[in-house]
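Student: I would like to work through the terms used for this model, one at a time. Please show it first.

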Amino acid sequence: MERFRMVFQFFQSNTESVANGICAMLTLASVKMYTIFDFNCPCLPKYNVLYGMGVMFIPPVVLFFVGIIVNKHSVMMLEEWTRPTGKRKKNPAIIKFMFTNLIQRAMVAPVVWILVTLLDGKCFICAFSVSVDPSRFNGLPNVTGLDITRVLAKVPCKEDIIFQNNTSRKAVSRYLCCWSQALGWSILLFLIILAVVARCLKPCFDHAAFLQTRYWSNYADLEQKLFDETCSTHAREFARKCVIQFFESMHEEMCQGMILPLDEEDDHLHGITSRKQVNELLQAWYRSKPDLDVTKIAQRQYRRARVRVTWEGDQNKGRQAFKPNGHSPHTDV
């Protein structure tokens, strides 16, 4: 239980970890879904391909869109793309970085599903059994009035009466299964080689630009998170004072002992004390996000520090000018 809690806290630490956790969960879910899926090929010439290809590619499309929906980068990317420019210019590199991460994570679960289906071979056998050249296999049933296409379409159905005491069905199934597994391993090998090449070529690009883009992408996430937390704190304080004001307007006996003393030092309203001001604040945040420059705050803190140092210096001079016997240091004893 303690390890589970630590893993959960790690996934909650930042958006990157949450996205990786969601990607891993979707990947495991895709494998689990395929293992419990009851595959039943229709064994009809016109429907085998539709059913086999549908099982192979429709669930990956669903998993792809689910991965996009549950990934927070999709919302961040759309907000960054559609927001008004205001005081802060849009950075196409950040949008491109978010889009790349979004697509990479959303593609993991669909690719795993396709690889699992190819390595298993059932979907491939169902879809392409009618495409096999019957001349390569001896012993196929020769039933009068039955088309060879309909015979091949029933290869995935081993319980069919046509293939009773007939080994040709197993030969066709093994042939198609070998092709399916070869295709699956080839795709997996290609993806591994592509990942290795991308990893090796990564240092050849401008790493400083990548660090800058990643920094501002994390900044956009943390800025929105801090804004939501500040809004939550402001809303709590605003609601508390509205409730207190409501009870103060009631009869004195009703609110006696219920009103808490206000702590002016812990005031999170920042001068925003009405509904109109709150709405104007939220509109200003959306239409014109603040410029990425905190020079004013740094200068203000520097002036406060200088005032504090000057005041402490004056206090130290006053202490040195006063002796315990009450005489001035310039007074002769």
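Student: Why is the disulfide of Cys-43 and Cys-157 called right-handed?
Tutor: The torsion about the S-S bond of Cys-43 and Cys-157 is about 90°, so this disulfide is right-handed. Cys-43 sits in the loop between α2 and α3, and Cys-157 in the loop between α7 (148-153) and α8 (168-201), so the pair ties together parts 114 residues apart in sequence. Before we go on: this is a predicted model, in which local features need pLDDT of at least 70 and side-chain atom pairs count only at pLDDT 80 or more, while totals for chains, interfaces and linings use all residues. Residues are numbered from 1 along each chain as its sequence is written, and side-chain values use heavy atoms, with hydrogens and water left out.

Student: How do you know that a disulfide joins Cys-43 to Cys-157?
Tutor: A disulfide is a pair of cysteine sulfur atoms within 2.5 Å. From S to S, Cys-43 and Cys-157 are 1.5 Å apart, so the pair meets the cut-off. In general, a disulfide is a covalent bond between the sulfur atoms of two cysteines.

Student: How many disulfides does a search of the whole structure find?
Tutor: The search finds 2. Besides the pair above, Cys-41 and Cys-126 form a disulfide, with their sulfur atoms 2.0 Å apart. The link of Cys-41 and Cys-126 is right-handed, with 75° about the S-S bond. Cys-41 is in the loop between α2 (15-36) and α3 (45-70) and Cys-126 in helix α6 (residues 122-128), 85 residues apart, and the pair links distant parts of the chain.

Student: Why is Cys-41 called buried?
Tutor: Buried means under 20% relative accessible area, exposed over 50%, and partly exposed in between (1.4 Å probe, protein chains only). Cys-41 has a relative accessible area of 14%, so Cys-41 is buried. Cys-126, at 0% relative accessibility, also counts as buried. Cys-43 and Cys-157 are buried too.

Student: What is the pairing when the bonded cysteines are numbered in sequence order?
Tutor: The pairing is 1-3, 2-4. Cys-200 is in no disulfide, as the nearest cysteine sulfur, that of Cys-204, is 8.7 Å away.

Student: How many helices and strands does the chain have?
Tutor: The chain has 12 helices and 0 strands. Helices (H or I, at least four residues) and strands (E, at least two) are DSSP runs, numbered from the N terminus. Of the 333 residues in the chain, 26% count as buried.

Student: What makes a space a cavity, and what makes one a pocket?
Tutor: On a 1 Å grid over the protein atoms alone, a cavity is a set of points where a 1.4 Å probe fits but cannot get out; a pocket is an open set with protein on both sides within 12 Å along at least five of seven lines, and lining residues have an atom within 4 Å of a point. The structure holds 1 cavity of 30 Å³ or more. The largest cavity has about 50 Å³ of space, and its lining includes Ala-19, Ile-22, Cys-23 and Arg-105. α2 gives the most to this lining, with 4 residues.

Student: How much space lies in the largest pocket?
Tutor: About 1,300 Å³. The largest pocket is lined by 27 residues, of which Thr-100, Asn-101, Gln-104, Ala-198 and Lys-202 lie nearest its centre. The largest share of the lining, 11 residues, comes from α5. α2, α5 (92-120), α8 and α9 (207-248) each supply at least two residues.

Definitions and conventions: Points joined across faces, edges and corners; volume = space filled by probe spheres on them.
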